[in-house]
Each structure stands twice: as structure tokens, then as C-alpha cells.
Amino acid sequence: MSIPTPTVSSNLANLKLTDEPEQRGPITLTPSQLSLYNGTIPTLPIYLALNNSIYDVSASPHLYGPGGPYAFFSGRDATRAFITGCFDTDLTGDLRGVEEMFIPVDDPEEVVSTK
């Protein structure tokens, strides 16, 4: 006894079987290419980068698009601003010196000698 092979109607041939979005691989862009994805061109998605990873934030144009409260993140790697909370001057992916901001430094005048 053979099992019949299922047939697909021609109008159902392109039907997606799951509701999951299509999976895409990592996106690699130069800083100048990334700057195009800041929400000012309606036909392009809105991207932001953190720690050299690019994220698609197009689902929230009211937050990341022009005029949105987080628009300054869009179209750039703003890792430093994300870490420091300084959104005026730290809109860069350059993390040099950031660790020094968070390492406690003993004030020599406050150190009590145990001798």
C-alpha cells in the first residue's frame, strides 16, 4: 500500500506555513551607509547600531524616526551614548576611556593608612 503524495493547489504554492517573520542574516554597513537608515527616507528601514551590531527599529518610527524621542540613535552606532547616558556629545561607537568613567578611583586624601 503506497501513501499518496500531497498536492498543492497553484494558488497556495506561495503560502507561508508559519506566522514567523522571514529570518535575515547580519547586516554589515559602513558608518556612511548606516547614516542613510535614520528614518528620513520613507522607503528605507530605520536602523541603529549598538556595539557594532545593527538593529532594525522600523517597527517604532514614532520613537526612532525623525522627531521621535530616540531619533538621535538612528542611523549611527551610538554605543557610547547608550552606556554613558550623554546623548549630546557621545553619539559614537568609540568606547575608549569609558571604563575609566566607571572605575572608582581612591582619593589619596581619603585613603587611611593602616601603618
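Colleague: Which residues form one aromatic cluster here?

Modeller: A word on the source: this is a predicted model, where local features need pLDDT of at least 70, side-chain atom pairs count only at pLDDT 80 or more, and totals for chains, interfaces and linings use all residues. Residues are numbered from 1 along each chain as its sequence is written, and side-chain values use heavy atoms, leaving out hydrogens and water. Now the cluster: Tyr 64, Tyr 70, Phe 72 and Phe 73 form it.

Colleague: How many aromatic pairs does the structure hold, and why is the pair of Tyr 70 and Phe 73 classed as it is?

Modeller: Rings of Phe, Tyr and Trp (its six-membered ring) pair if their centres lie within 6.5 Å; planes under 30 degrees apart are stacked, over 60 edge-to-face, the rest tilted. The structure holds five aromatic pairs. Tyr 70 and Phe 73 have ring centres 6.4 Å apart and planes at 25°, so they are stacked. Phe 72 and Phe 73 have centres 4.8 Å apart and planes at 45°, so that pair is tilted.

Colleague: Is Phe 73 buried or exposed?

Modeller: Buried means under 20% relative accessible area, exposed over 50%, partly exposed in between (1.4 Å probe, protein chains only). Phe 73 is buried, at 8%. Tyr 70 is partly exposed at 37%, and Phe 72 is partly exposed at 24%.

Colleague: What does the side chain of Thr 79 reach?

Modeller: Thr 79 is buried, at 5% relative accessibility. Its side chain reaches the backbone nitrogen of Asn 51 at 2.4 Å.

Conventions
Polar contact = N/O pair within 3.5 Å; in protein donor to acceptor, adjacent residues only side chain to side chain.
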